[in-house]
Amino acid sequence: MQLISLPASPYAARVRIALRAKDLDVEIAPPPPSWPLDRRFRYVSPTGRVPVLILDDGEAVWESAVILELLEELFPDAPTLLPADVLERARARQLVRVADLYLMPPMVALAAPQDPRETRRLVEQLADALAMLDDLLEDEGPYAVGGALSHADCALAPVLLAARVTGGRQDLDLIEALPRVSAYARSGSEDEHVAAVLAEMEDGMRRLTRVSAEPTDYQS
Ligand SMILES: N[C@@H](CCC(=O)N[C@@H](CS)C(=O)NCC(=O)O)C(=O)O
């Protein structure tokens with residue numbers, strides 16, 4: 001199998017945490033240089049986005065939450081990342097939805113230049129979503145649901161790293177004042193798989209910052 005992934009992508013990071021936790025042998029590859037417009041890449045990823053999981057028979061599966069679920073079903077003998085209790089399972093899936101529907105959209109929008117009013121609106125939207133997460137998390141860390149690594153942690157740990165970086169770009173700490181979110185973000189890296197992938201993300205983000213700070217031909 002192959003995972004088309006970028007180190008800094010929170011969506012790809014959640015799948016990489018799951019692959020490590022399940023100890024699955026998967027080649028990690030970047031998208032082609034001309035993505036997301038590359039026609040062959042669109043063939044495996046109709047949305048032009050990463051991550052994409054390419055199975056050994058060439059079948060491509062995209063959408064990170066779907067890939068997480070597929071890994072559970074394809075590899076039933078690997079450690080599960082869904083709690084045994086049916087309600088806890090629902091809660092883990094709910095937290096993945098919170099990441100996708102409420103936390104990621106304002107961060108994705110803030111990654112592009114916005115006018116100051118729109119920036120303020122998006123930062124408020126992100127702060128509201130983080131406050132909601134603070135109410136949803138349990139007091140005991142380092143895992144969000146059921147005392148073990150689950151899809152919820154695969155999704156939330158990378159998103160909270162992205163939220164810290166997004167806030168930092170606005171000279172704001174959006175996490176520190178939220179007791180459960182900040183405790184969870186701190187203790188997340190107690191899990192070796194989460195810690196390894198967060199380190200890859202930080203490295204990827206540092207490289208992106210360096211590339212965007214390098215003078216282009218017309219600047220030099
Ligand atoms: N809903 C998708 C979102 C994936 C996504 O937006 N990935 C970003 C990287 S973080 C991407 O590929 N962006 C490229 C683009 O938007 O053109 C998923 O969960 O897999």
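Across the chain of this predicted model, the pLDDT (the predictor's confidence in each residue, from 0 to 100) averages 93, and 96% of the residues score at least 70. Over residues 215-220 the pLDDT falls below 50, and beyond near neighbours in sequence this stretch has two contacts in the model, a contact being heavy atoms within 4.5 Å. Local features need pLDDT of at least 70, whereas totals for linings use all residues. Residues are numbered from 1 along each chain as its sequence is written.

The largest pocket has a volume of about 1,400 Å³; a pocket is an open set of points on a 1 Å grid over the protein atoms alone, where a 1.4 Å probe fits, with protein on both sides within 12 Å along at least five of seven lines, and its lining residues have an atom within 4 Å of a point. Of the 42 residues that line the largest pocket, Ala-8, Ser-9, Pro-10, Tyr-11 and Met-104 lie nearest its centre. Helices H1 (10-21), H3 (64-74), H4 (86-110), H6 (151-169) and H8 (192-213) each give two or more residues to this lining, and H8 gives the most, with nine. Because domain 1 (2-74) and domain 2 (86-213) both give residues to the lining, the largest pocket lies between them.

The second largest pocket holds about 280 Å³ of space, and among its 16 lining residues Leu-161, Arg-164, Ala-185, Arg-186 and Leu-198 are the closest to its centre. Two or more residues of this lining come from each of H6, H7 (179-188) and H8, with H7 giving the largest share, five residues.

Notes
Predicted model: local features only at pLDDT ≥ 70, side-chain atom pairs only at ≥ 80, totals over all residues. Heavy atoms only, no water. Points joined across faces, edges and corners; volume = space filled by probe spheres on them. Helix = DSSP H or I, 4+ residues; strand = E, 2+ residues; numbered from the N terminus. Domains from an automatic or database assignment.
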